[in-house]
Amino acid sequence: MSTENTSDQLFNSSVKILTDLIAFKTISGEDNSSLIHYCDEILKKLGATSFKTFDDEKKRVNLFATLKAKHPSNKKPIILSGHTDVVPVSKGWSTDPFVATIKNDKLFGRGACDMKGFIACTLAFAPVYSKANLDRDIHFSYTFDEETACIGAPILIEELKKRGVKDGICIIGEPTNMKIIDAHKGCYEYTTYFEGLAGHSSAPHKGVSAVEYASRYVNKLIELREKLKERSPKNSIFDPPHSTLSIGGIFGGIAHNVIADKCHVNWETRPVVKEDGVFLNAELDKYANEVLLTDMKKVFPNSSITKKIIGEVTGFDRDKKSNACELVSNLTGDNTREVVSFGTEAGLFQEIGISTVVCGPGSIEQAHKIDEFIVLDELKKCLSLLNGIKGQSISN
Ligand SMILES: [Zn+2]
């Protein structure tokens with residue numbers, strides 16, 4: 001068989017698999033078990049071993065499958081990682097978002113680039129790995145609910161820790177046009193709920209206005225935002241260089257003449273270093289409990305302030321001696337390193353000692369949008385990276 005035929009076959013296979021994957025409506029928060037079953041079956045037939053981890057209701061699943069080394073060496077295992085969920089679709093698509101449609105050089109469908117394209121490439125290439133004389137393990141990691149603040153991956157990471165998988169090289173195939181991304185800020189989202197005591201506006205001293213306490217809380221956030229600027233690390237690689245903070249909304253109150261008993265504030269912070277997140281939360285919680293809540297309780301003992309974590313996506317820190325970046329650079333010939341403004345699961349893998357890089361087919365420009373697509377040539381580039389990894393994973 002000529003090389004050209006083989007690469008054509010691999011490409012056709014990746015398109016076929018991508019078509020199948022797009023047909024599974026794996027919107028974040030919904031059941032993704034059929035898709036996981038599909039992936040698991042492909043890999044099992046090739047001799048992979050696997051385990052699954054679940055959410056509490058057992059309807060959302062992470063899969064971690066392994067093609068074992070035939071000739072184990074001291075090379076670090078490779079983890080090919082992608083999330084299986086997609087963002088919801090809104091009206092206005094030119095094609096059915098869950099039916100892959102090829103037009104010219106593009107394949108349209110929800111998840112085409114973010115990030116079923118990468119998963120399809122890894123599954124299409126898996127038969128080649130299974131036949132090769134691998135001298136290191138190749139893992140396939142497919143998670144759920146990345147788009148909703150990385151809910152699935154931490155469950156998988158816990159299991160990896162238990163199983164002693166804490167070393168390796170992880171490639172997260174988020175759409176980067178196959179460019180190397182080696183850092184991003186964290187993204188922490190919160191909603192803080194205030195409950196006071198309703199009353200007539202003519203007697204403010206007899207009620208506890210949740211709206212007024214929420215406003216003081218927001219003022220504190222804005223004050224702390226200035227402190228975050230002062231904490232900006234030297235030589236920060238990010239734009240802006242410091243941790244940011246933003247108030248997304250304040251919701252409360254029913255009428256001009258009623259003291260509002262309920263109010264909540266949506267806010268988020270994007271820390272450049274973890275310590276900023278810790279600092280911010282500590283200062284804020286202290287103020288909320290020691291100042292605001294104390295005052296509220298003087299009038300109404302059952303007053304409360306509750307901060308709910310919506311999601312805390314760990315930041316991904318630049319590692320100047322990253323094995324993962326070096327591996328990908330050597331294979332693609334591209335030595336550039338970029339940072340992005342979106343969050344990924346990279347920080348979670350990095351946290352347990354796995355060298356991680358974000359690099360995958362397609363562009364983030366098309367992600368989360370109407371008429372999401374992937375340029376077919378990107379799949380070819382990704383397959384060629386996977387082929388390079390094979391070259392680095394066989395004994396001579
Ligand atoms: Zn994504």
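Reader: Is D135 buried or exposed?
Author: Let's start from the cut-offs: buried means under 20% relative accessible area, exposed over 50%, and partly exposed in between, using a 1.4 Å probe and protein chains only. This is a predicted model, where local features need pLDDT of at least 70, side-chain atom pairs count only at pLDDT 80 or more, and totals for chains, interfaces and linings use all residues. Residues are numbered from 1 along each chain as its sequence is written, and side-chain values use heavy atoms, with hydrogens and water left out. The relative accessible area of D135 is 5%, so D135 is buried.

Reader: Which side chain does D135 meet in a salt bridge?
Author: A salt bridge here is a side-chain nitrogen of Lys or Arg within 4 Å of a carboxyl oxygen of Asp or Glu. Side chains of opposite charge can pair when their charged atoms come close. For D135, the N to O distance is 2.8 Å, and the partner is K75.

Reader: How many residues apart in sequence are the parts that K75 and D135 tie together?
Author: Helices (H or I, at least four residues) and strands (E, at least two) are DSSP runs, numbered from the N terminus. K75 sits in the loop between β2 and β3, while D135 sits in the loop between α3 and β6. The pair therefore ties together parts whose separation in sequence is 60 residues.

Reader: Is K75 buried or partly exposed?
Author: The relative accessible area of K75 is 32%.

Reader: Which residue forms a salt bridge with R110?
Author: The closest N and O atoms of this pair are 2.7 Å apart, and the partner of R110 is E372. R110 lies in the loop between β5 and α3 and E372 in the loop between β16 and β17, so parts 262 residues apart in sequence are tied together. Both members of the pair are buried: R110 and E372.

Reader: How far apart are the closest N and O atoms of K274 and E351?
Author: K274 is in helix α6 and E351 in helix α8, 77 residues apart. K274 counts as partly exposed because its relative accessibility is 41%, and E351 counts as partly exposed at 45%. In their salt bridge, the closest N and O atoms are 2.0 Å apart.

Reader: How many salt bridges does the structure hold?
Author: Some share partners, and these join D40, E41, K44 and K52 into one network. For the structure, the number of salt bridges is 27.
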